[in-house]
Amino acid sequence: MTESRGGAGASVLLTGSTGFIGKVVLHELVRRRAELGIERVYLLVRRRGSRSAADRFRREVATSGCFTQSAAAADILPALADMCEAVDGDIRDADLGLAPADARRLHDSVTHVIHCAASVRFDDPLEQAARVNVTGALNVLEFARGCRRLQRFVDVSTAYVTPHTGSAHPVEEAPVALPFDADVAYADILAGRADADALLAATRHPNTYTFTKCLAEALLVARQGDVPLSIVRPSTVSVCRQQPFAGWIDSEAAHAAVAARIAAGDLRVMRMDPSTVLDIVPCDVVADRILACAFSPELQRPLVIRHAVAGLALSLPLARVLAAHVRWFSTNLVDRRVRVVYAGSSAVAYRLFDAACHRLPRRMRVMRARLQGRRSAARRLENLGARLRYLNRTFHHFAHHTYDFRTAFPPLEGFDLRTYLDCVSAGIARHLMGVAPES
């Protein structure tokens with residue numbers, strides 16, 4: 001945990017506060033405001049239809065269990081209303097899409113910029129992912145450059161920007177060298193000239209998410225100038241360990257997406273290497289690392305890159321992770337048929353078991369629903385099938401490659417993954433599925 005204080009009178013601009021990591025970062029900014037010397041937090045929120053930034057903050061953030069169910073809710077909720085201001089904007093636009101008066105006000109007052117907003121879908125079209133993950137990051141950098149009191153710009157990336165080499169080489173906290181000119185590739189992407197498959201093949205990234213985050217890092221470092229820059233790279237982010245409380249999660253993404261489908265009894269066949277080790281890190285640990293990079297004096301260097309990870313020593317093979325979830329869900333969600341029939345790396349076996357356990361039974365259920373005139377039920381089943389295919393397709397790479405992330409941060413104190421996995425299962429059941437465990 002960070003222990004050092006920031007300077008008095010800090011004003012933070014935070015993007016991505018409607019997302020999982022962003023909410024937890026905001027919780028910690030407010031909870032630790034006296035320690036860090038924070039007076040004001042500005043939240044850049046994109047207008048959605050008729051809902052302004054202020055409306056979305058009230059409905060999607062301030063009422064979230066992250067704040068209302070926090071152990072410190074009595075202190076945090078009044079402070080959230082007093083010290084936080086949502087402003088309309090969009091990271092995809094120049095000057096962040098801010099009204100001129102808001103832009104001037106923030107340029108005059110902001111001392112720290114924390115950029116959490118991102119498109120985290122693995123299969124977004126390349127240009128679409130780039131406009132959020134690359135253009136967005138560069139726009140935030142340029143806005144930070146204009147902040148007269150700026151002390152730090154923190155960009156939240158991903159530990160998977162470093163491509164897997166096919167060996168057990170450690171992944172260090174260093175810039176990733178691209179095999180082409182980043183500016184040229186970025187221009188080609190925006191102009192629609194880029195070949196997504198060729199770019200991914202050249203860099204060995206498994207999807208457009210990790211690729212665009214890597215490209216964003218390269219361009220941020222190249223265009224940094226005199227902006228003090230920190231890049232924080234989380235691994236696989238899961239439920240909170242302590243803050244705002246154990247088990248908090250509101251995003252069915254990454255590891256939680258797989259676990260939730262297992263808990264629901266939908267995902268019974270998985271293509272994975274059971275010996276692969278997956279680095280799973282609590283979201284509040286990630287938030288702590290982000291705040292350390294923003295405020296800790298020892299990390300106030302021109303360029304800092306840090307992993308927010310558990311590390312191999314505190315991780316387990318996928319077979320044991322899967323077994324822990326199946327055991328917990330089977331024991332505590334007794335009304336669910338939790339069963340994993342096949343979890344292995346054979347493509348042939350996967351196709352056979354997928355047909356027998358997923359596709360054929362679902363087709364029968366879809367046909368039955370249609371014959372009964374239950375069109376919405378048929379659509380839900382079809383969407384579920386697409387979701388299961390998406391999970392097995394997009395997580396194939398991470399389920400077959402062990403990443404040995406190294407970090408200068410100290411090891412997680414008192415972290416036991418077996419106990420934490422039970423916390424993950426309970427959090428997913430309660431907060432994503434709305435199911436109260438039997439015990």
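Which residue lies over the face of Tyr390? Arg121 does, at 4.9 Å from the ring centre; a charge is taken to sit over a ring if NZ of Lys or CZ of Arg is within 6 Å of the ring centre and within 35 degrees of the ring normal. A second case involves Arg289, whose charged end sits over the ring of Phe409, 4.6 Å from its centre.

The structure is a predicted model, in which local features need pLDDT of at least 70 and side-chain atom pairs count only at pLDDT 80 or more, while totals for chains, interfaces and linings use all residues. Residues are numbered from 1 along each chain as its sequence is written, and side-chain values use heavy atoms, with hydrogens and water left out.

The average pLDDT of the chain (the predictor's confidence in each residue, from 0 to 100) is 94, and 97% of the residues score at least 70. Over residues 1-7 pLDDT stays under 50. For this segment the model has 23 contacts beyond four places in sequence, a contact meaning heavy atoms within 4.5 Å. Where pLDDT is low, the predicted coordinates should not be read in detail.

The radius of gyration, taken over C-alpha atoms, is compared with a globule rule of 2.2 Å times the number of residues to the power 0.38. For 439 residues a compact globule would have a value near 22 Å, and the 22 Å of the chain agrees with this. Along the principal axes, the C-alpha atoms fill a box of roughly 60 × 50 × 45 Å. Of the 439 residues, 56% count as buried; buried means under 20% relative accessible area, exposed over 50%, and partly exposed in between (1.4 Å probe, protein chains only). Among contacts with a separation of 6 or more, 84% are between residues 24 or more positions apart.

The chain has 17 helices and 15 strands. Helices (H or I, at least four residues) and strands (E, at least two) are DSSP runs, numbered from the N terminus. Strand E1 (residues 10-15) is largely enclosed by the rest of the structure, because six of its six residues are buried. Ala10, Val12 and Leu14 cover one side, and Ser11, Leu13 and Thr15 the other. Strands are paired if DSSP finds at least two bridges between them. E1 runs parallel to strand E2 (residues 38-45), to which six bridges join it, and parallel to strand E4 (residues 112-115), with four bridges. Thr15 has a bridge partner in each neighbour: Leu44 in E2 and His115 in E4.

Helix H8 (residues 135-145) is mostly covered, with nine of its eleven residues buried. Among them are Leu138, Val140, Leu141 and Phe143. In strand E12 (residues 303-308), His307 counts as buried at 0% relative accessibility. Not counting residues up to four places away in sequence, His307 touches Ala159, Val171, Glu172, Glu173, Arg233, Phe405, Arg406, Thr407 and Phe409.

A pair of aromatic rings is described by the distance of the centres and the angle of the planes. Rings of Phe, Tyr and Trp (its six-membered ring) pair if their centres lie within 6.5 Å; planes under 30 degrees apart count as stacked, over 60 as edge-to-face and the rest as tilted. The structure holds twelve such pairs. The pair of Phe180 and Phe211 is tilted, because the planes stand at 50°, with the ring centres 6.3 Å apart. This pair links distant parts of the chain, 31 residues apart: Phe180 in the loop between strand E6 (170-171) and helix H9 (182-190), and Phe211 in helix H11 (residues 208-223). Phe180 is partly exposed, with a relative accessible area of 22%, whereas Phe211 is buried at 1%.

Tyr342 and Phe353 form a stacked pair, 5.1 Å centre to centre and with 5° between the planes. Tyr342 lies in strand E14 (residues 342-344) and Phe353 in helix H15 (residues 347-371), so the pair ties together parts that are eleven residues apart in sequence. Tyr342 counts as buried at 15% relative accessibility, and Phe353 as partly exposed at 32%. One aromatic cluster is formed by Phe122, Tyr160, Tyr209, Phe395, Phe398, Tyr403 and Phe405.

Arg389, in helix H16 (residues 375-394), is partly exposed at 44% relative accessibility.
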